[in-house]
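Dear colleague,

I am handing over the structure to you with this email, and below it you will find what I noted when going through it. Please keep it open while you read.

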There are 4 protein chains.
Amino acid sequence: MAGSIYGKLFRVSTWGESHGKGVGVVIDGCPAGLALSEADVQKYLDRRRPGQSKYATPRKETDTVEILSGIFEGKTTGTPISMMIRNEAQQSRDYSEIASYYRPGHADFTFDEKYGFRDYRGGGRSSGRETVGRVAAGAVAAKLLEELGITLLTYTRSIGPISIDYRKFERGAIRENPLAMPDREAAEQAGAYIEEMMKAQDSVGGIVECVVTGMPAGIGETVFDKLDANLAKALVSIGAVKGFEIGDGMAVAAAIGSENNDGFQIEQGKIKKRSNHAGGTLGGMSDGSPIVVRAAFKPTPSILHEQQTVNRAGEEITVSIKGRHDPVIVPRAVVVVEAMTALTLIDSCMEHICARLDWLKRFYRP
Amino acid sequence: MAGSIYGKLFRVSTWGESHGKGVGVVIDGCPAGLALSEADVQKYLDRRRPGQSKYATPRKETDTVEILSGIFEGKTTGTPISMMIRNEAQQSRDYSEIASYYRPGHADFTFDEKYGFRDYRGGGRSSGRETVGRVAAGAVAAKLLEELGITLLTYTRSIGPISIDYRKFERGAIRENPLAMPDREAAEQAGAYIEEMMKAQDSVGGIVECVVTGMPAGIGETVFDKLDANLAKALVSIGAVKGFEIGDGMAVAAAIGSENNDGFQIEQGKIKKRSNHAGGTLGGMSDGSPIVVRAAFKPTPSILHEQQTVNRAGEEITVSIKGRHDPVIVPRAVVVVEAMTALTLIDSCMEHICARLDWLKRFYRP
Amino acid sequence: MAGSIYGKLFRVSTWGESHGKGVGVVIDGCPAGLALSEADVQKYLDRRRPGQSKYATPRKETDTVEILSGIFEGKTTGTPISMMIRNEAQQSRDYSEIASYYRPGHADFTFDEKYGFRDYRGGGRSSGRETVGRVAAGAVAAKLLEELGITLLTYTRSIGPISIDYRKFERGAIRENPLAMPDREAAEQAGAYIEEMMKAQDSVGGIVECVVTGMPAGIGETVFDKLDANLAKALVSIGAVKGFEIGDGMAVAAAIGSENNDGFQIEQGKIKKRSNHAGGTLGGMSDGSPIVVRAAFKPTPSILHEQQTVNRAGEEITVSIKGRHDPVIVPRAVVVVEAMTALTLIDSCMEHICARLDWLKRFYRP
Amino acid sequence: MAGSIYGKLFRVSTWGESHGKGVGVVIDGCPAGLALSEADVQKYLDRRRPGQSKYATPRKETDTVEILSGIFEGKTTGTPISMMIRNEAQQSRDYSEIASYYRPGHADFTFDEKYGFRDYRGGGRSSGRETVGRVAAGAVAAKLLEELGITLLTYTRSIGPISIDYRKFERGAIRENPLAMPDREAAEQAGAYIEEMMKAQDSVGGIVECVVTGMPAGIGETVFDKLDANLAKALVSIGAVKGFEIGDGMAVAAAIGSENNDGFQIEQGKIKKRSNHAGGTLGGMSDGSPIVVRAAFKPTPSILHEQQTVNRAGEEITVSIKGRHDPVIVPRAVVVVEAMTALTLIDSCMEHICARLDWLKRFYRP
């Protein structure tokens, strides 16, 4: 029943529900000496905030983070870093009716089965709001990775049937359209598609992609803590994710060896792969190429559209879920995917440095 | 660097390489009282054994398991269960040339980057042979799950471009064809495809699917140890896996909410879902429906077909990898997928029973 | 570097330093359904609060706890419970001089060696204040244990050379004297001893003892997670502890087998031990007798008395540590020992219930 | 129920019982590049072997270790190291009677309470034989530590009422007398004492002490994974241990601050402590001084001397335990204490090197 702690060396412990006093996270194991302030974290939280586009719920949270410990004179001390974000825009009355039935696609039913009762207000712990803690921690992880020369670029690859065209890839476009797509044309088409679905009282899904550059080769712990295995767990743990891919993903199943294998070559005196069907890992360890991972998000479950379900009295009923709902959560999930990827990478980078006796000797007997 | 231990309560610690003395596993935390013998484990290992079909390498290992501890009078005692399988058919000379270069698609390069050197014989720890330990442990997990009313059915869903037709699904066909496909026609077509690729000195991939029935609802620990997140890690940790799906998988990205949501209904007085797009989990916990997961395997990397790579002296070379290679590993991976799924499920089932104070009180103050 | 998380199923993640914004804890894995309010926790924190006796520093903290998540309608939901206690009575100026040298007996030196710098204000993370989070979590653990019929009684067994006389043991006396001793006479003598030491500008140590009743037999996980081994770690992790004992403790070394062995007998139809030299564990598992553990606390390091040390410039100097110091911390440590014991016991109780296949079957196939 | 795995980065998984096929261990996370052979491990196992003195049971096990994986061309590869020691001198008939009753001081009763039944032959998993796996792993840990400049010296400090005199401390004496005492006179007196107790059909206990030199300061993870806390768990997890001390141990309780504090001074340009009452740790981290820990062992429970107990039918009976018993186990426990200390230290040393961002940057951006 203890599932809210992630990581082995860089560990995060998240807490908080949709309608509690707030949400937050405690990071245990952050190396000392990193310059860190609320601003570093706030910029990540701002990418997640609701109410920023016409496709997102108009819930007005400022999501202002407060760092409560672990920093001294502007730097991390190596002691636990506790961060909290108070909840502001709560409307219990939005959810009072929901207590009486099980919303399709939501965790109402499973929470009841597990615990016997649940905080029905807004989804409680299963609400998207619990990702605030992950994003705050991910901001710290990302800053550490930057110090090590590792950077992440995350964006929406597709919304419903509309995918980006990689030949029109514009990095700058990601932050400039509310769908976080690096292809302005695709963003427009996707926007039209979403409006269409909103009129039909329905919702849509999509795919988020994250590209990591700068990872040296060899990182990851075979055979169970492979880097890709941990990335899979990290991304699938995000609510609404039903598929994970690395490199060519599911498509490798229909490929042939001579085309799927990434051969090697020499580039500027270093060994580099010739292609990257593998998506940056070989044998579960980073291979020096960019790491490319994807998560597939199902359509938002809460819709006005009528649905068949059951109430707590065991009666079959038809419902239309009123209240504030996102027609698509993918754009807001972009920073969550980035955060989870960063948390996984920094943990692996920290574990890697004791792989060889020589490295330990270099440290202890310089 | 400690990545060969899996699980929280039902923990497995695997060891062994392709050309060492043997491979094995230690299970720590198996409940006491399970009837267990070598035969229970052997039948799982036999499903994995090489040399059983014309599509698998003719390496003649009997893979005979020996249980060294943890059993008394035919039952598990609750103490660690150590199992070992001696390696028999080793041919070092097959691999002597390989020590000098990096095989594309293999972990040679990444092992060298991590450790500075590697056991080059046959892939060492990154060889498929390390899965023997996982399968042996999975056999024990599967037997425990059966005692709890939970069963797994695993099969090949597709090889290359040939997929099974669910309308022709025959459970009995799985063990009767060397490709482990539940659709005899598809198995034939896939067989022809493989032979074609073998002639072209190439290899193919495929998808394995596992269906779990009998899981009660509510199992899984939000938010990071969600059941689906752990299944993702489990399956992606298997060598050659590049994609993971649960339920509709990647396809959810293009679906709409009203169709993707699984509504609820009453069936024989119990709450059941009307459909199963979710694949058996909601909010990261089992929801009472069958759990359906898939893993996509890339084509076997070792092929006779020429490839461009680099040798240890830093020179670009062309290689053709001789030796014993499987043109496709998917049929042998079926039992590995089943084992990893079983290990994940039993661990979650054990953790679940302390979710409520009432359950603890029922145990301690009956 | 990740050392602030304790437990396997009932996990606590503490945070906060002496002069940060506050201290707190996140509990992950608390079973659902426990009635819990701030009052339940506050009464434990009140036992720890400074400024309650003439032997404790007059720092006026109210240590008011706020529960931020994990509770709904007065009961734990099974989701993480975050608790925070704001710091109030901070006086940075008390410690400004200390930044320049290493106080003997304090962690200034070791923190600098580990991290390269430290939050010098009041001891930072190594200050006794970090125990607030442990005590808050321990309060929850203790309440759970009570629900299971397990209770803890903790008190000061000795201060300096003055020990309690078990023949004069009065449970009620513990909360009535500021030294938490169950022997009023000894409490008086100890009080006089402390005043004597205060006049000499010195400090004293002591021993805290905790007795657990109601633990059923069989709890603990051999061979490394034995109940006594985990209790040892739990108590020694409290600052200033230099010795741990269970049962007869160090004295067993000079005993003989025929006297040290606890024989068995039948009592009211149940098997009970005849004596309890073992202190409640056999083979690392609880044996049905009361569990008796002790922790030895060294004298408080900060004293006005002159000491020889070194400053950061590498010069040998003589110091007299001014500021607010406890001449003895043992009475305040009593609730910390109780908290750590409770945390260890509840974790073990939760893990124990999946020891037998029969118990799992009883749960899953009732 | 999963208690046979120890460590976080350097993890050991032990298995095996007194009368099973063998005992062994799997080490996961050993750094690559350490020269290792069976001989390195055998010399540690030989220090533990029964039948080497008149005070130890005449069970003739050669305890020959076989390394099954993780080594290539004489060096560790970074992959799991599996080691096995076959059981040889088994005599089931010695223990057949024991199945019917609970031996005082043994874990028969608690194993039954936990699992419902037990392998009664020779103590099964609770037999001292399970320490073989720990010692084998400890040998590897010790060799790694030596490479880092850290060494351990372990010996018997006292047997019954006879303690060594530190003024007569002779390092060379430890291996030359069967009691592993560094004081030859005390060894003689202790020997006489043991013989006396053997005649009385009784048994004795003692204290083992381990001194670690070469540990740099700053190692250990506050607040729960303090180095001393982990050492306490490590030593108390050894069967028969009832007390743990570091530095002055339990005696600190009666000390005064001005005498107990270890001041600092400059020695050869480096900061050193003036004394070592703390036993080598401050604030839970190593402080540069030798680490001094002790474990108190209770008298061996199995004695010919008559005892009162209960049989499985619930009847009170009197027993005299026949069979092969050690009158004292302390000399054989010396290498077990050393092994557990080594395992704890190497794990902490490995975790320490990612404490600072600067160290990570030095590694990733040299």
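In the structure, E316(D) and R274(C) form a salt bridge whose closest N and O atoms are 4.0 Å apart, a salt bridge being a side-chain nitrogen of Lys or Arg within 4 Å of a carboxyl oxygen of Asp or Glu. This pair crosses between chains, with E316(D) in strand β18 (residues 316–319) of chain D and R274(C) in the loop between β13 (270–273) and β14 (281–282) of chain C, where strands (E, at least two residues) and helices (H or I, at least four) are DSSP runs numbered from the N terminus.

Please bear in mind that this is a predicted model, in which local features need pLDDT of at least 70 and side-chain atom pairs count only at pLDDT 80 or more, while totals for chains, interfaces and linings use all residues. Residues are numbered from 1 along each chain as its sequence is written, chains are lettered from A and ligands numbered from 1 in the order in which they are written, and side-chain values use heavy atoms, leaving out hydrogens and water.

A second salt bridge joins K361(A) to E147(D), with 2.8 Å between the closest N and O atoms, and the pair runs from helix α8 (residues 357–364) of chain A to helix α3 (residues 131–147) of chain D.

A further salt bridge links the side chains of E221(A) and K114(B) (3.1 Å, N to O). Within chain A, a network of salt bridges connects R157(A), E209(A), E245(A) and R294(A), and over all chains the count comes to 100 salt bridges.

Best wishes
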